[in-house]
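Student: I have a model open and would like to learn how to read its features. Could you walk me through it?

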Amino acid sequence: MIKEHTNNTLTFEDFKTEVMKDYTLAITSRECSLLGRKEVLTGKAKFGIFGDGKEVPQLAMAKAFKDGDFRSGYYRDQTFMMAIGELTPLQFFAGLYGNTNLEEEPMSGGRQMGGHFVTHSLNEDGSWKNLANQKNSSADISPTAAQMPRLLGLAQASKIYRNVPGVKNHTNFSNNGNEVAWGTIGNASTSEGVFFEAINAAGVLQIPMVTSVWDDEYGISVHAKQQTTKENISEILKGFQKDSDTNGIEIFVTKGWDYAELISVYAKAGQIARENHVPVLIHVTELTQPQGHSTSGSHERYKSSERLAWEKEFDCIRQMRLWMIAINIASPEELEEIESRIKNEVIEAKKQAWNNFINPIIEDQKELVGILNRIAEKSIKKEEILDYTKKLAAIKAPLKKEMLVTARKVHRILVNESNKRELSTWISNYIKITQRNFSSYLYSESQWKVTNVAKVAPEYDPEGNKVDGRIIIRDNFDALLSKHPELLIFGEDAGNIGDVNQGLEGMQEKYGSLRVADTGIRETSIIGQGIGMALRGLRPIAEIQYIDYMLYAIQILSDDLASLQYRTVGKQKAPLIIRTRGHRLEGIWHSGSPMGMIINAIRGINVLVPRNMTQAAGFYNALLETDEPALVVECLNGYRLKEEAPVNYGEFKTPIGVVETLKEGNDITLVSYGSTLRLVEQAAHELLAVGIDCEVIDVQSLIPFDIHHDIVKSVAKTNRLLIIDEDVPGGASAYILKQIIEDQNAYQYLDSKPQTLTAKDHRPAFGTDGDYFSKPSSEDIYEAVYAIMHEVNPAKFPSIYY
């Protein structure tokens with residue numbers, strides 16, 4: 001195995017140096033885990049979940065990991081992050097304490113618990129770094145197996161960069177598609193359906209994706225026999241094995257304590273994926289978990305004495321140590337010296353991390369105590385204030401919360417006194433500064449944020465040319481695909497037939513099956529493909545055939561995409577566009593308006609609801625100039641409606657977060673969006689005949705909502721408000737009402753109760769009659785408006801019904 005030095009092999013001394021370095025890293029990681037658990041149990045940290053027992057296979061993975069590669073993993077991979085140079089013990093403990101200083105805790109600025117790792121893809125201004133020249137980790141999330149969908153896209157990006165001519169010059173993202181996406185997952189999490197969905201998709205797509213399954217036989221306390229058929233994930237995946245004449249995946253099985261074999265397996269897996277773009281699964285067996293699942297409990301409660309004894313014997317670091325001694329890489333004394341030195345170094349790192357975390361808060365504590373003492377001397381409630389002050393000063397390791405609680409309670413005491421300005425200022429400034437540490441970057445804060453895109457109006461042929469709405473969408477996508485070589489569109493039926501509504505007719509034939517692609521029926525992994533490719537600088541549009549099917553993917557959209565910029569404090573972005581369609585179709589599962597559920601689950605993603613295809617096309621044009629993710633809901637019943645065809649395809653832009661007044665009026669403001677607007681406009685026209693003049697406003701986007709506060713200006717004129725929506729009661733209409741009444745303070749202009757008109761609580765029944773009796777009709781809108789005006793002037797507008 002070890003030969004004299006040649007161009008392709010290492011000398012024994014080189015080999016020894018490398019192994020000793022790896023052992024030192026393994027010991028460092030283990031000591032962090034051991035000391036981290038103690039910090040939780042003593043109360044300094046809130047919770048801990050660590051990578052002990054998985055150190056050696058992660059070292060092997062790190063050796064095969066190259067610049068430009070991406071990791072999509074879970075919260076056990078601390079050794080790997082240390083091995084690629086992206087995590088120090090100091091940063092490890094900063095994460096454990098929840099330090100909000102991003103320079104000291106670069107993984108999430110204290111927003112995620114320890115064990116969630118990331119590398120920075122963006123510069124301070126939000127522009128891309130050169131990802132091809134650094135080792136990359138996509139931002140971890142906790143939900144089990146939820147790292148798998150994005151892993152697909154991270155790997156698929158390499159296939160795009162290798163095979164699509166227009167993006168080959170994007171060298172800051174790829175080196176000819178040679179990058180591998182490395183996934184890690186616990187054996188129990190492979191029970192999740194999304195794992196199988198992703199593995200199946202990888203086998204179909206044939207992409208450079210290497211997935212490691214860390215198998216310690218348990219999922220918290222539940223043994224593999226309750227988790228996996230045959231208790232063996234690689235055994236049941238044998239049907240996915242790639243043959244010489246089929247697609248599929250390569251499967252390796254290796255022991256997690258065998259250092260030499262692990263190095264060999266990972267090198268081979270990386271080579272297969274990197275050179276041939278074949279996905280690989282590595283089942284790493286016989287791993288241990290020395291401290292149990294987390295700091296929440298003890299594994300002695302559910303593991304037998306025999307299992308615990310085996311885990312002690314086959315601890316991967318112990319086995320590596322024995323192997324090193326057996327082949328004369330190091331003596332026991334040399335290894336003991338390393339172990340002792342590292343233990344001390346980790347202890348020092350822990351102390352420094354704690355001081356970095358707590359000392360700035362102690363300084364704030366001293367400042368506040370001084371303010372309170374000065375105020376107390378002038379207050380008629382001196383003793384009460386001093387009591388609060390003494391209690392605050394006695395806290396040895398204060399939290400920011402504890403200081404604000406004290407300051408605000410003292411502030412209440414001073415409500416009738418004039419000497420509270422200094423404390424008022426301190427509270428205001430402290431909240432302003434501190435709140436940002438916990439609340440920034442839900443949306444982009446760069447120059448490419450959606451609200452910075454200016455409106456560009458559609459231009460039309462003076463002679464006019466009315467076409468089906470689908471033609472406008474199709475021809476606009478044609479212009480965009482020509483203009484943006486990094487643009488990809490994919491989804492169920494999106495490729496060969498040009499989507500079910502022909503909005504992509506002919507696009508696959510013109511731009512190829514990699515840029516306009518069909519997918520399997522697997523909504524979660526479709527979204528994951530989009531997230532991963534967007535993380536690597538491509539501009540994907542992931543199509544979900546109907547908005548009702550979004551429910552399959554809502555968890556990934558909510559937990560991963562929506563929180564990405566937030567949980568990385570603006571250091572990663574994935575400007576994925578999700579294209580779907582909904583509204584006014586018939587039947588329980590194709591009715592298409594669960595908007596309240598969506599907007600409340602995916603804060604962090606823009607939600608755009610165009611009323612026609614020109615507006616929708618303008619949104620796509622605008623979004624491609626931004627760096628934020630968005631969902632665009634096209635109107636299902638709008639593809640065959642006639643619209644005037646623009647001549648500036650790919651250029652006109654619908655402003656995001658801006659409402660449009662479709663009809664001016666003086667009596668009542670009607671607010672709606674999407675297909676329902678056509679019914680609103682019909683009712684408004686009919687109401688004119690009885691002397692009721694409605695103002696009709698299209699919100700256009702639910703997130704962001706009316707950034708210029710134009711709706712309140714309308715309410716100030718009409719003094720009445722009705723919101724019409726085909727979501728369930730309390731859905732999107734309640735959200736809109738809150739925005740107008742609370743955020744825009746429209747309550748002060750109202751002379752009548754603000755009302756909503758929605759669909760029924762149940763899902764829409766099938767057929768035209770089902771739609772009529774399930775969702776608002778033009779007659780419902782007419783009568784709701786008339787009833788409001790009857791209350792205003794019964795003589796002029798007598799009741800329709802007695």
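**Reading salt bridges and helix packing**

Tutor: Buried means under 20% relative accessible area, exposed means over 50%, and partly exposed is in between (1.4 Å probe, protein chains only). This is a predicted model, in which local features need pLDDT of at least 70 and side-chain atom pairs count only at pLDDT 80 or more, while totals for chains, interfaces and linings use all residues. Residues are numbered from 1 along each chain as its sequence is written, and side-chain values use heavy atoms, with hydrogens and water left out.

Student: Which residue meets Asp 693 in a salt bridge?

Tutor: A salt bridge is a side-chain nitrogen of Lys or Arg within 4 Å of a carboxyl oxygen of Asp or Glu. Here the partner is Lys 663, at 2.6 Å from N to O. Lys 663 belongs to strand 17 (residues 660-663) and Asp 693 to the loop between helix 23 (676-688) and strand 19 (694-698), so the bridge ties together parts 30 residues apart in sequence. Helices (H or I, at least four residues) and strands (E, at least two) are DSSP runs, numbered from the N terminus.

Student: How many salt bridges are there in the whole structure?

Tutor: The search finds 50. One of them joins Asp 499 to Arg 581, with the closest N and O atoms 3.9 Å apart. This pair links distant parts of the chain, 82 residues apart: Asp 499 is in the loop between strand 10 (487-491) and helix 17 (507-511), and Arg 581 is in strand 13 (residues 577-582).

Student: Is Asp 499 buried or exposed?

Tutor: Asp 499 counts as buried, because its relative accessibility is 0%. Arg 581 is buried too, with a relative accessible area of 0%. Both belong to a network of salt bridges that also links Glu 543, Arg 579 and Glu 634.

Student: What about helices: at what angle do helix 11 and helix 12 pack?

Tutor: Axes are lines fitted to C-alpha atoms, for helices over the stretch in contact, and angles run from 0 to 180 degrees between N-to-C directions. Helix 11 (residues 316-326) and helix 12 (residues 332-378) pack at about 140°, their axes 10 Å apart. They are therefore oblique to each other; angles under 35 degrees count as roughly parallel, over 145 as roughly antiparallel, 65 to 115 as roughly perpendicular and the rest as oblique.

Student: Which residues make the contact?

Tutor: Contact means heavy atoms within 4.5 Å. Helix 11 brings Arg 321, Met 324 and Ile 325, and helix 12 brings Pro 332, Leu 335, Glu 336 and Glu 339.
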